[in-house]
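Here is a walk through one protein model, from its sheets to its core and domains. Have the structure open while you read.

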Amino acid sequence: MLLRSLRPVLRLSSRSRHSSTAAPHSHVGLTADDLTRLKFQRNIGVSAHIDSGKTTLTERILFYTGRVKDIHEVRGKDGVGAKMDSMDLEREKGITIQSAATFCDWEAPRSIISDEKDNYAINIIDTPGHVDFTIEVERALRVLDGAILVLCAVAGVQSQTTTVDRQMRRYGVPRISFINKMDRPGANPARIINQIRTKLKIAAAAVHVPIGSEDAFEGVVDLVSWREIKNVGPKGAEVTYSPISSALLETAQQKRTELIETLSEVDERICDMYLAAMDAPTEPVPGMPLESSISNEELAQAIRRATIALKFSPVFMGSAIKNRGVQTLLDGICAYLPTPQESKVVALDLDATPPAEGEVTETTVNARGEVEVQLTPAGKAPFVGLAFKLEESRFGQLTYIRVYQGTLKKSGTIWNVRTGKKVKVPRLVRMHSDEMEDIESIGPGEICAIFGVECSSGDTFTDGTVNYSMTSMFVPEPVISLSIKPAGQETPNFSRALNRFQKEDPTFKVGLDPTSKETIISGMGELHLEIYVERMKREYNVPCITGKPLVAFRECITSRANFTYTHKKQSGGAGQFAKVIGYIEPMTMPGEEEAAAAEGAAPKKKLVGGKKEARTDVEFENAVMGGTVPSNYIPAVEAGFLEACDKGTLSGNVITNTRMVLTDGGYHIVDSSELAFRLAAIGAFREAFKAARPVILEPIMTVEVVAPVEFQSAVIGSLNTRRGTIVDSEVREEEFSCIAEVALNDMFGYSNSLRGSTQGKGEFSMEYKNHVPVLPHLQKELEEAYKKTMPAAKK
Ligand SMILES: Nc1nc2c(ncn2[C@@H]2O[C@H](COP(=O)(O)OP(=O)(O)OP(=O)(O)O)[C@@H](O)[C@H]2O)c(=O)[nH]1
């Protein structure tokens, strides 16, 4: 079927005017071998809010699939720690910091009720839950075909669940929801499903009914295969199947009907079957609901179709820690999540030029005017792979690659599309957390790692016969920074470590404060930076002293302002002359763009791989007519504008959301130069900036606090004193949660204060929401503080 669906696309590219490079190779179709391999291949991620049990669940998956011999708990008493938390810091803190890749094999039923089994190969990436490490989730989802969204049976949809949901939408990743911790007091799956529907706005329905609750949670009724599934024996390794007991039959019938009804809203085929069953009810199969004319297999197919079409999420239930429901989830992964062939993967053809305006062509061009090609996961197609994660290992740089088409071979040669460099693949491995297995070659749809290849995160590799680039990942801007210096003598290890971290993690940035000459590191939160400072000490033997964390303020304008500026210098030798006329204006009103991004809109960042990364939050437009500024000086004006945007004049922070339009100007035949135009642009911009009612912006965070109910007023009181706005709160049986929006600047020291006010029982998480203008008194303070750091002449 896929061959059929791909064919039109391939034909289109071969017919298209410009896809001369793409066309011949695109004809490489999928062989029978490819089809079989892909059918039994799954690439999935495990993502969720902090502490939902992702690592505990992955540990079970590895145990039941035979990848690890025993189960070790996160912060377990045996002191070993979970396999996927391989860093010492992760094991000490009991949190996942880096995503870890592994793979396993699973024998899943051939059809939903069949006793015959097929062997599936599953690549799994366990991702961190903490928002400070969100880039890890971002890059994992970029290369995965499906995901398990883990939710706590008590806490349900939490702040980071919504972030992960947004990331899944951004990359079009279908997901199974897994309600974990069904053993907890207060577990309430119906409430969680309702939250998935209302808060994540996706159709969802249970495919399970729990058997027993809290401590007595024993297993599930599977509504599709219509039987009870329980785990027995040591570590729940044995799975037993039995008919549904009479006590649960009625609930199961209702829930199966609910499942079919929910599916009918998003899948036409099951809707027709459901209506037909309603119109002419057949004699119900004893013990089955009314619409029993819909077979188990038809129901399973409908779930699969709707899940892959991103319209539905089947909800599984279990308790990872009590070893319940994990094997059934594995069966679900194989049954409902897509094969690599079913995920549409698009690359940019850098050799193709987009068709002229008005030209009728079948070339696919995206919103940025780039020509897109669809990749075919055929083993014989030209190799295309994406380096999505870098890691320093004992043997040198380890680069994780998702192979999209073609085959990657050990000792083969590959091209880095961004740098144009040819490199040999000295060693090819499959990763199992921090262990690896050497392999000779790897086919499309797979995830592997290569050694000793210099590249950056996000680079595309090909076999050199195609010039394709995978589109970029969304990279959030840092919100916090601090100064750092070695505690002792500065050794080369200091900059070596910072360079490496920067290369591995695009959300970690290193800069130099031009005034204080201090090294400044910035990132996604206090924990993010704290982890890197700790790693400097442990991995590079460079203990460091850090300054107070500072919020990443930004500056922007709020109105339009015109400029007419002449840069003139006549002091012996050649003179300098450049005149620029135009205006600056806000691109959107402050906060608007972030709000759009928060809704899951396509990221505005340009390519990370393939072309040079460029700023897209500021814009330059050349509207000069009649050559009053010769075209060879225009790039210099743009460069001047961008340089001016690096440092605002209010507080020295980066300027954002600003467009400069050059409409007119003047030049001198002898005295004009690129330098003169660059300086003119800087001068013009600074002058117009003052007139355009500039403001300083600060990051606002969405903060979620969960604590026992008795501390509710203490928690709300402390959020109020931090100028927080409570946007949502929920009281459950014993605990309550509340969501507030608070300026990051007011959140310093919050973890200590929360610990104090809740006897250590409260937990919080926060994530970046948007930047908004600071209050006038803070703006004044920041401006004054900045003026004091300026040399006297510049004030
Ligand atoms: N009651 C109960 N506790 C669980 C269950 N699964 C995990 N836990 C506990 O929840 C805590 C967090 O588990 P992890 O597996 O580290 O969660 P995580 O989502 O990987 O955490 P991060 O990666 O740090 O976000 C640990 O103390 C686990 O023992 C479960 O099914 N029931």
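Predicted model: local features only at pLDDT ≥ 70, side-chain atom pairs only at ≥ 80, totals over all residues.

How many bridges join strand β1 to strand β4, and do the two run parallel or antiparallel? There are 5 bridges between β1 (residues 41–48) and β4 (residues 146–152), and the strands run parallel.

Residues are numbered from 1 along each chain as its sequence is written.

**The chain overall**

The protein chain has 20 helices and 39 strands. Both are DSSP runs numbered from the N terminus, with helices being H or I of at least four residues and strands E of at least two. Of its 795 residues, 48% count as buried, where buried is 20 or more other C-beta atoms within 10 Å of a residue's own, exposed is 12 or fewer, partly exposed is in between, and C-beta atoms are placed from the backbone. Among contacts between residues at least 6 apart in sequence, 73% join residues at least 24 apart; a contact here is a pair of C-beta atoms, placed from the backbone, within 7 Å.

**The seven-stranded sheet**

Back to β1 and β4: they belong to an open sheet of 7 strands, ordered β2-β3-β1-β4-β5-β11-β6, with mixed pairing. Two strands pair if DSSP finds at least two bridges between them. At the edges stand β2 (100–109) and β6 (203–206), each with a single partner strand, so one side of each has no neighbour in the sheet. On average, neighbouring strands here are turned by 30° against each other, direction ignored; the axes behind such angles are lines fitted to C-alpha atoms, for helices over the stretch in contact, and angles between N-to-C directions run from 0 to 180 degrees.

Strand β5 (residues 175–180) is worth a look. All of it is buried, 6 of the 6 residues, so β5 is largely enclosed by the rest of the structure. Arg175, Ser177 and Ile179 point one way, while Ile176, Phe178 and Asn180 point the other. β5 pairs with β4 in the parallel sense over 6 bridges, with Ile148 partnered by Ile176. Towards β11 (residues 312–317) there are 3 bridges, and that pair runs parallel; Ser177 has Val315 as its bridge partner there. β4, helix α7 (residues 159–170) and β5 make a right-handed β-α-β unit, meaning that, with the strands pointing away from the viewer, the path from the first strand over the helix to the second runs clockwise.

**A buried arginine**

Arg60 is in helix α4 (residues 54–64). Why does Arg60 count as buried? Because it has 29 C-beta neighbours inside 10 Å. Not counting residues up to four places away in sequence, Arg60 touches Ile71, Ala320, Asn323 and Val326.

| Strand pair | Sense | Bridges |
|---|---|---|
| β12 (346–349) and β14 (371–374) | antiparallel | 3 bridges |
| β12 and β25 (468–470) | antiparallel | 3 bridges |
| β32 and β33 (576–586) | antiparallel | 9 bridges |

**Core and domains**

The largest nonpolar core has 197 residues, and Ile401 and Phe685 have the most contacts inside it. Such a core is a set of buried Ala, Val, Leu, Ile, Met, Phe, Trp, Tyr and Cys residues joined through C-beta atoms within 7 Å. Helix α17 (residues 674–691) gives the most to this core, with 9 residues. Leaving aside neighbours within four places in sequence, Phe685 is in contact with Ile584, Phe641, Ala644 and Met660.

The chain is divided into domains, among them domain 1 (32–278 + 293–336) and domain 3 (481–551), with bounds from an automatic or database domain assignment. The centres of domain 1 and domain 3, taken over C-alpha atoms, are separated by 38 Å. Across that pair, 8 residues of domain 1 are in contact with 9 residues of domain 3.

Definitions and conventions. Contact = placed C-beta atoms within 7 Å.
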